[in-house]
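Work through the exercises below with the sequence and the structure at hand. Each task is followed by its solution.

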Amino acid sequence: MIYVAVDIGASSGRLVLGGIKDNKLKIKEIHRFSNGFTVKDGTCYWDIDYLLNEILKGLQVVKSLGYDQCTVGIDTWAVDYVLLDQKGKRLREVVSYRDGRTKQTIEKVTKLVSKEKIYKKTGIQFLPFNTIYQLYEEDQEKLKNTNQILMVPDYLGYCLTGVAVTEVTNASTTQLLNLNSRTFDDELLDLISVKREQFARLVEPGTELGMLKKEWFSSFDLPNCKVITVATHDTASAVIGTPGFGENWAYLSSGTWSLLGIESAVPIVNELALQHNYTNEWGAFQTIRFLKNIIGMWIIQEVRRHLEQDYDFAQFVEEAKKVKGFHQFINFNDERFMNPANMIDEIQTYCKETNQKVPETVGELANCIYNNLAIIYAIAIEELEEITGKTIDQLHIVGGGAYNEHLNQLTADLSGKVVYAGPTEATAIGNLIMQMIATKEVKDLEAARQLIRDSFEIKKYTPNEINRQAIIQKFKEVVLYDHVRST
Ligand code: LFR
């Protein structure tokens, strides 16, 4: 059987073919395309028709490679949604989570229901773009006329098959699911004037969705595809594709975002977890992804976008390496770096405001970004250990960010943990694995992770002796000072 993963992140998408041969998982990227939001009349939108078209182009490549039968799974980023009318037509274009419309919404909503109560119900971290806040700010007229609210990957699956579902790993990022009842929470739905029936039925990853309606897309030469609802949240797929072993491993899914956390059998909802803004997103097989969102490669992507000369990511690393030492301490998780007009200006202004050396060259900027990301990762691991009472013994870095050997080593040095890097395609792999488990070609998650270990090169980084505590302490002092200054 041949399997196809459609994996779309905020900055790029790809179709990856997968199959098992000689007890090894073989994958091949067959189509890649860029993604990003565009700003129209001051609002940030995704181009969903373009994404659908790229999926179809990719499936056509599958056919051209000689495969006439396959299964397909789709994963994308989380929280964003599509509003559909009675006829299944979109009521408006899909707003991106980077849009500023929800900047103040957490404050508004938590005046109505307290933060503690929302956290107790959902276990989800407070991020301004969670679906609950986006729906709160939604055009009320449109919302009233909405027959169905579909999350982005569910919508793409619906476009291919005509079948609508709400897959739970992604749905958990709405901050509307109740951890106890394992369904939508009525009080929270009331708060945003949404009815339970406006969401399609909840399904677990691994559920068959339906056959691709080839006749709807007659301009494409497509194979016969059975669409399977995988762990449609890309981060949930990435965690499936992370080859952790033993009890005390953590992951860092490194892409536009850096998601750092552990896989847990039970939710961890307590004061400390809330204080550090850790989330309990739902994983495949009823696991919990206890993790934290860290700003990630977004910073360097945005710096790159604003440079006059075109640099690739390998060049950034080379330039960063030439600038030795730690010169700036910046909490890139601060809201001001979420979507500034110009990331370079924002970083430089921040440094001026906090009386730090201003990074000017590409090398200085890259050095500043990688250093601070590594510090933020190290602090997140400390928090994770504090909250769980466990000692993490290995950090698995997966996703495109794992190509960055410099950052991998920095992360090992600053966290004092052994780092394993790879596979870089963990998300697509997790997507494929879910399909393979659904079709019973792979037995379970444990067997899957063994298969991944046997199939891909995973590089080990041992921490160097550096004065990590002093660096982390300095970061905390600057960030704390900045916090006091701005409140
Ligand atoms: C990563 C990711 C994160 C989610 C963010 C926004 O691609 O899915 O998990 O918090 O994007 O959807």
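**Exercise 1: the ligand shell**

Task: State how many residues surround the ligand and which are the closest.

Solution: In this predicted model, the ligand is surrounded by 14 residues, the closest being Trp77, Ala78, Val79, Thr235 and Trp257.

**Exercise 2: the annotated binding site**

Task: Find which residues the UniProt annotation "binding site" covers, and determine how they lie in space.

Solution: Start from the record. The unreviewed UniProt entry places Ala78, His233, Asp234, Thr235 and Asn293 under "binding site". Then compare sequence with space: these residues are spread over 216 residues of sequence, yet they cluster, with a largest C-alpha distance of 13.8 Å. Two of the annotated residues, Ala78 and Thr235, are also among the closest to the ligand.

**Exercise 3: histidine 233**

Task: Locate histidine 233 and decide whether histidine 233 is buried or exposed.

Solution: First, the position: histidine 233 sits in the loop that runs between strand E14 (224-229) and helix H9 (234-240). Next, the count: 31 other C-beta atoms lie within 10 Å, so histidine 233 is buried, the cut-off being 20 or more. Last, the contacts: beyond neighbours within four places in sequence, histidine 233 meets Asp75, Ala78, Thr169, Asn170 and Thr173.

**Exercise 4: threonine 235**

Solution: Threonine 235 belongs to helix H9. Threonine 235 is buried because 29 other C-beta atoms lie within 10 Å. With residues up to four places away in sequence excluded, threonine 235 touches Ser253, Leu259 and Arg289.

Conventions
Residues numbered from 1 in each chain as written. Predicted model: local features only at pLDDT ≥ 70, side-chain atom pairs only at ≥ 80, totals over all residues. UniProt positions renumbered as here; feature names shortened; annotations may be inferred. Helix = DSSP H or I, 4+ residues; strand = E, 2+ residues; numbered from the N terminus. Buried ≥ 20, exposed ≤ 12 C-beta atoms within 10 Å, placed from the backbone. Contact = placed C-beta atoms within 7 Å. Near = placed C-beta within 6 Å.
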